[in-house]
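Here is a short report for a reader new to this structure. Take a look at the model first, then read on.

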Amino acid sequence: ISPFLILSAVPFTPVGFIGALFRFAPFVPSNGLLSVNYSTVDFTALSGTNYTKTTGTLTWTDGDTAMKFTSYIPILYDGIVPQNNPVFQITLFNLSL
C-alpha cells in the first residue's frame, strides 16, 4: 500500500503576527524514506501582497507517521479587510518514496 498524505490547517497567531501553519502526515507508513516538496501558490491571494511565499521539504523516515509542519506562512495584513477573502494554495511535488 502506498502512503498518501493527510493535510490539516493549524490556527497560529504569535503576538503581533497573523499567519498559518499546515501539517502533513502519511496515512499509511512508508517502507523507507518518504519526502515531498511544498510551495505556496497564488490563487485569489497574491504573494507579497496577501501572504509571504514559502517553500520547503517534508521528510519521514521508515515507518514514521508523525505530523510534520510546514514553516510559518506569514499573512500580510495592512489593516484593511479584503472584500474577496484571498486564498492561496499549497502545492506538493517531487514525492519520493
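Does asparagine 94 count as buried or exposed? Asparagine 94 counts as exposed, at 53% relative accessibility. The cut-off explains the label, because exposed means over 50%. Bear in mind that this is a predicted model.

## Asparagine 94 and its backbone

Asparagine 94 belongs to strand S7, which covers residues 88–96. Its backbone deserves a look. The phi of asparagine 94 is near 55°, a positive value in a residue other than glycine. Most residues other than glycine have a negative phi.

## The three-stranded sheet

Strand S7 is part of an open sheet of three strands. The order is S4-S3-S7, and the pairing is antiparallel. S4 and S7 are the edge strands, and each pairs on one side only. From one strand to the next, the twist averages 25°.

In a regular strand the side chains alternate between the two faces of the sheet.

Strand S3 spans residues 34–42. How many of its nine residues are buried? Seven of the nine are buried, so S3 is largely enclosed by the rest of the structure. Buried here means under 20% relative accessible area.

S3 has a partner on the S4 side and another on the S7 side. Six bridges join S3 to strand S4, residues 55–60, and the two run antiparallel. Asparagine 37 stands opposite threonine 57 in S4. Seven bridges join S3 to S7, and this pair also runs antiparallel. Valine 41 stands opposite glutamine 89 in S7. Aspartate 42 stands opposite phenylalanine 88 in S7.

## The salt bridge

How many salt bridges does the structure hold? The structure holds one. In it, the side chains of lysine 68 and aspartate 64 meet, at 3.3 Å from N to O. That distance qualifies because the cut-off for a salt bridge is within 4 Å.

Lysine 68 is partly exposed, with a relative accessible area of 23%. Aspartate 64 is buried, with a relative accessible area of 17%. The labels follow from the cut-offs, because buried means under 20% and partly exposed lies between that and 50%.

Notes: Residues numbered from 1 in each chain as written. Predicted model: local features only at pLDDT ≥ 70, side-chain atom pairs only at ≥ 80, totals over all residues. Heavy atoms only, no water. Buried < 20%, exposed > 50% of the residue type's maximum accessible area, 1.4 Å probe, protein only. Helix = DSSP H or I, 4+ residues; strand = E, 2+ residues; numbered from the N terminus. Pairing = 2+ DSSP bridges. Axes fitted to C-alpha atoms, helices over the stretch in contact; angles between N-to-C directions.
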